[in-house]
Amino acid sequence: MATGQSYLGTCAKCLGVISEKGCTAEKLNYHQRCFVCSLCCKELYGKPYYTMNGKPYCEEDYLNKLDKCASCNRPILEKILKAEGHKFHPECFKCSACKKCLDGVPFSVDPDSKNVLCMDDYKKKVAPQCARCKKPIAPPSYSNEVTRVLAMGNSYHTTCYRCEDCGLPLSSNSNGRGCYPLNDRLFCFDCHKRRAPNVAKMTGKAK
């Protein structure tokens, strides 16, 4: 709250000489009539005020200038949590399914609805199932992104995309490590050739 006193000086607002009662706020001197909200010009002498970037504001305009929570739309007065391009009160950043608070907790995003989900609900509702190990393909705790392999209309963990006989990691980008399916099962070329002698002379590209 600005304090009033009798003294001579220069007003920080109008730069005029103060020859009547003035006031001091944030170590600056003002005519009492000159100490006003920087936005609505409401007089602030004797009233609560707030400063932002060195400028005084009335309470209403100060609150309107603050960042708003993307969940509750109320001003964020203290700690701001930033996630997915939005700002939240930490207590307002919750899983859209179970409403668990996600402040400091790993989470992921439904790529279709863009809803934020805790990892448990992401695995239950969104994550594709690996055709090999039958477990959800979910992001690791340190990331919101997940890598998977799509083959034969199925999804696989990158670590599960291997030849079912010899365990060779398969890749469409590596010579000799292409996927050669047989009866909807994953095989490298050598194991495919051993299981299907009639295709030993095949030289086609990996599927």
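Biologist: Is phenylalanine 187 buried or exposed?

Modeller: The model is a predicted one, in which local features need pLDDT of at least 70 and side-chain atom pairs count only at pLDDT 80 or more, while totals for chains, interfaces and linings use all residues. Residues are numbered from 1 along each chain as its sequence is written, and side-chain values use heavy atoms, with hydrogens and water left out. A residue is called buried under 20% relative accessible area, exposed over 50% and partly exposed in between (1.4 Å probe, protein chains only). With a relative accessible area of 1%, phenylalanine 187 is buried.

Biologist: Where is phenylalanine 187 found?

Modeller: Helices (H or I, at least four residues) and strands (E, at least two) are DSSP runs, numbered from the N terminus. Phenylalanine 187 belongs to the loop between β13 and α3. Its C-alpha is 4.2 Å from the C-alpha of cysteine 163, although 24 residues separate phenylalanine 187 and cysteine 163 in sequence. Isoleucine 76 and leucine 63 are 13 residues apart in sequence, with 8.6 Å between their C-alpha atoms.

Biologist: Which residues touch the most other members of the largest nonpolar core?

Modeller: A nonpolar core is a set of buried Ala, Val, Leu, Ile, Met, Phe, Trp, Tyr and Cys residues joined through side-chain atoms within 4.5 Å. The largest one here has 17 residues, and those touching the most other members are Ala83, Phe88, Phe93, Leu102, Phe107 and Val116. At least two residues of this core come from each of β8 (81–83), β10 (107–109), β11 (116–118) and α2 (119–125). Strand β11 gives the largest share, three residues. Another core, of 15 residues, lies apart from it and includes Tyr30, Phe35, Met52 and Tyr57.

Biologist: How many aromatic pairs does the count come to?

Modeller: Rings of Phe, Tyr and Trp (its six-membered ring) pair if their centres lie within 6.5 Å; planes under 30 degrees apart count as stacked, over 60 as edge-to-face and the rest as tilted. By this rule there are seven aromatic pairs.

Tyrosine 180 and phenylalanine 189 form another edge-to-face pair, at 5.0 Å centre to centre and 65 degrees between the planes. Here tyrosine 180 is buried at 18%, whereas phenylalanine 189 is partly exposed at 22%. Furthermore, one aromatic cluster consists of Tyr30, Phe35 and Tyr49.

Biologist: How many bridges join strand β4 to strand β5?

Modeller: Two strands pair if DSSP finds at least two bridges between them. Strands β4 (residues 21–25) and β5 (residues 28–31) run antiparallel and are joined by four bridges. Glycine 22, for instance, has histidine 31 in β5 as its bridge partner. The two strands form a hairpin with two residues between them, and glutamate 26 in the turn has a positive phi of about 50 degrees, although glutamate 26 is not a glycine. At 52% relative accessibility, glutamate 26 counts as exposed.

Biologist: Which hairpin has methionine 152 in the turn?

Modeller: It is the hairpin of β12 and β13, with two residues between the strands; methionine 152 has a positive phi of about 55 degrees. Four bridges join the antiparallel strands β12 (residues 148–151) and β13, and alanine 151 has asparagine 154 in β13 as its bridge partner. Asparagine 183 likewise has a positive phi of about 55 degrees without being a glycine. Asparagine 183 lies in the loop between β13 (154–157) and α3 (189–195) and is exposed, with a relative accessible area of 70%.
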